[in-house]
Amino acid sequence: MRRADIARLSELLREPMRIFVREARARIALLVNASGQVLAQHGFAGRYHVMNVAALAAATNASAHALAEITGAGRWQYMHHAGRRWQLFLAPFVTPAETLILVTIFDEHSTLGLVELFFQKLAAQVRALPEFGEALPAVGAASFEHELEAGLDRVFAPDQQGGG
Amino acid sequence: MSDVVASTLDRLSHVPGVRSALIVDAEAGVPVASELGTGASGTAMAALTASLFRRTDQAVREAALGGLGSFQLETEEGHVLVAGRPELIVVVVADRDAQLGLIRLEMDRAVEALQ
């Protein structure tokens, strides 16, 4: 995704993400595309963590997608890890523009069911946005690294600080 | 589905006026088993009732009233009854004119059977 598209789409995703975080009672949430470009975040304090989680989310999605294909299990739906205090939920959803991946962390104030429910609502809201209704121009390999950081620049811009 | 869960759900769903009955893992907010009426979403109901049960349980504990056993919601078209323990809850959606006494009795039996 190109830098200009990221800036535009990040702005559109702020409100759906804000609603998701509030309704699902999530502590941390991150929305990335299948390349690991960051589109929206809530709760992260620094770029470094976001960059790492975004890369891991994209890699997890790619691995799970491949595994589902190899085993004939169809499209994978979500990954859930329940720790002692924190739980992780990672799930992809497809839009005509591209596949997006939500990574969220929650604690005892929420449940897997609640997170999954509002993840479905988030996906439906995003799919309904006209901007996600058609394929976006691909980024060339030469400029990919530059474009990869565009989302980070966007979500950590001074006017975005404080959660959105 | 275990025999206990299946028979519990079967009894609950056959009480006159019951539209939907669910057994829900309240810690995860996901359905364990369900008999759903037309148009009802088991996953949404499980997630939301589990959240409500946990919040209400927390509230009554804060009020020094012990743990929550059950609660009932009145709606325009019927009732939502929820009973159980913090780990496992029984949810029933019933018509406005359903026999609530009979439903509560079956729910108490269900909670006991599922312990």
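**Entry 1: the contact between the chains**

I began with the place where the two chains meet. Six residues of chain A are in contact with 10 residues of chain B. On the chain A side, I sorted the touching residues into three nonpolar, two polar and one charged. I note here that this is a predicted model. Its scores are ipTM 0.71 and pTM 0.78.

**Entry 2: the helix pair across the chains**

Angles over 145 degrees would count as roughly antiparallel.

I then turned to chain A on its own. Five strands form an open sheet there, in the order 2-1-5-4-3, with antiparallel pairing. Strand 2 (38-42) and strand 3 (79-82) of chain A stand at the edges. Each has a single partner strand, so one side of each is left without a neighbour in the sheet. On average, neighbouring strands of this sheet are turned by 10 degrees against each other, direction ignored.

I followed one pair in detail. Strand 4 (residues 87-94) and strand 5 (residues 99-106) of chain A pair in the antiparallel sense over eight bridges. Leu88(A) has Ile105(A), in strand 5 of chain A, as its bridge partner.

What packs on this sheet? I found helix 2 (residues 47-71) of chain A, touching strand 1 (28-33), strand 2, strand 3, strand 4 and strand 5 of chain A. The direction of this helix makes about 60 degrees with that of strand 1 of chain A.

**Entry 3: the sheet of chain B**

I repeated the search in chain B. Chain B has an open sheet of five strands in the order 2-1-5-4-3, with antiparallel pairing. Its edge strands are strand 2 (30-35) and strand 3 (70-74) of chain B, each pairing on one side only. Neighbouring strands are turned by 15 degrees against each other on average, direction ignored.

Strand 4 (residues 78-84) and strand 5 (residues 88-95) of chain B pair in the antiparallel sense over seven bridges. Ala83(B) stands opposite Val90(B), in strand 5 of chain B. Helix 1 (residues 3-13) of chain B packs on the sheet and touches strand 1 (18-25), strand 2 and strand 5 of chain B. Its direction makes about 150 degrees with that of strand 1 of chain B.

**Entry 4: helices 1 and 3 of chain B**

I stayed with helix 1 of chain B. Its axis comes within 10 Å of that of helix 3 (residues 100-114) of chain B, and the two cross at roughly 175 degrees. That makes helix 1 of chain B roughly antiparallel to helix 3 of chain B. Helix 1 of chain B contributes Val4(B), Thr8(B), Arg11(B) and Leu12(B) to the contact. Helix 3 of chain B contributes Glu106(B), Ala110(B), Ala113(B) and Leu114(B). I sorted these residues into five nonpolar, one polar and two charged.

**Entry 5: confidence in chain B**

Last, I checked the pLDDT. Chain B has a mean of 92, and 99% of its residues reach 70 or more. Among its elements, strand 1 of chain B has the highest mean pLDDT (96) and helix 1 of chain B the lowest (91).

Methods. Residues numbered from 1 in each chain as written. Chains lettered and ligands numbered in written order. Predicted model: local features only at pLDDT ≥ 70, side-chain atom pairs only at ≥ 80, totals over all residues. Pairing = 2+ DSSP bridges. Helix = DSSP H or I, 4+ residues; strand = E, 2+ residues; numbered from the N terminus. Axes fitted to C-alpha atoms, helices over the stretch in contact; angles between N-to-C directions. Contact = placed C-beta atoms within 7 Å. Nonpolar A, V, L, I, M, F, W, Y, C, P; charged D, E, K, R; others polar. pLDDT = per-residue confidence, 0-100. Parallel < 35°, antiparallel > 145°, perpendicular 65-115°, else oblique.
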